[in-house]
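Hi,

Here is the structure I promised to pass on. Have a look through it, and my notes follow below.

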Amino acid sequence: MAQICVCKLENYSTFSSKMDVLQQIVQPIEQEMAHYEQIYGSFLTHRHALLNEILQQVARRKGKMMRPMLVLLSAKLFGEIGENTIFSAAAFEYFHNASLLHDDVVDSSDERRGLPSVNAAFGNKAAVLVGDYLLALSLKTAAMTNNPQVISVVSDAAQGLSDGELLQLRSVCNREISEAVYYDIIRAKTAALFSACTQAGALTAAAADDDVQRLKMFGELVGICFQIKDDIFDYMSDAQIGKPTGNDMREGKLTLPVIHALTASGDEAMMAVARRVKDGTADARQIDELVDFTLRQGGIDYAAAAMERHAQQAKELLSVYADSSVKSALFAYVDYVVGRNF
């Protein structure tokens, strides 16, 4: 009985700690986040019944709103937040949700945040079309800033995401296994959106060019951390995070933990299995073997160290700014990305 109580206490302590970090992130922008939520929700209604039903489903699954928070914090680092920053934040969240709908179709995913995905509930055609609608809405909202630079940033992020997905698709068919290719993929398909959020936030606050570039790089580093953390999750049990171990390998994807294990060990037998994973011919037993091999070779520790290194670089970029609640919130944001368990 005592052990059960200890576990519950530890779980509560962890949950409480994460809520404290989230509160630290939101605190400087609490009022602006409330305004953002009003604007964001106001565009997710439509007179057509099917589209409205799906849009309402998207609205209900708003998650932690990590990207809008990043836009608002990046702007407030340089001054007060105006309407253009709010529109930019909404634009990137519409964009993010569009990419999730398209990803679920590409990956044949049946669930999203513990509920049936849009493609599972309404079919692939509806999911793709609503994804397109959200992407158009993203560009429309960006245009409401009347800032051509913001529109360009959103457009570049959309282009980068497509480039990253195609690069990953090509990588699956390519026999090359390297960290360089891995980082090229995650910079384009994940880090580019975080980078665009911080860049747009700084732009809407009329920050100096050097500051805009600094915040852009900060966002990229945070996005790299986010993706590495996601890739580490794939080696955890389903009970921990609700994602099957080896799921990426089942899709032909080799991520940082296994890439390091393979290149550092020079194990030809495992390299052959990895190439079978890439061409889709590996069976469940071989995938399990490759996962076990990655764990034995310290692939998770290596990836975690790489993530921490990028997190530290992100924080160092902000060292030039005076201490403030906003700067502390951005530091807490980095810590949250690295320490999250979802």
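A salt bridge here is a side-chain nitrogen of Lys or Arg within 4 Å of a carboxyl oxygen of Asp or Glu. By that rule the count comes to seven salt bridges. Please keep in mind that this is a predicted model, where local features need pLDDT of at least 70, side-chain atom pairs count only at pLDDT 80 or more, and totals for chains, interfaces and linings use all residues. Residues are numbered from 1 along each chain as its sequence is written, and side-chain values use heavy atoms, with hydrogens and water left out.

Helices below are DSSP runs (H or I, at least four residues), numbered from the N terminus. For accessibility, buried means under 20% relative accessible area, exposed over 50%, and partly exposed in between (1.4 Å probe, protein chains only).

Among the salt bridges is Lys315 with Asp335, at 2.6 Å between the closest N and O atoms. This pair links distant parts of the chain, with Lys315 in helix α16 (residues 299–317) and Asp335 in helix α17 (residues 325–339), 20 residues apart. Lys315 counts as buried at 18%, while Asp335 is partly exposed at 40%.

Another joins Arg285 and Glu289, also with 2.6 Å between the closest N and O atoms. These two are about one helical turn apart because they sit four residues apart in helix α15 (residues 284–296).

On the backbone side, Asn146 has a positive phi of about 55 degrees although it is not a glycine. Asn146 lies in the loop between α7 (124–143) and α8 (148–173), and is exposed at 69% relative accessibility.

Best wishes
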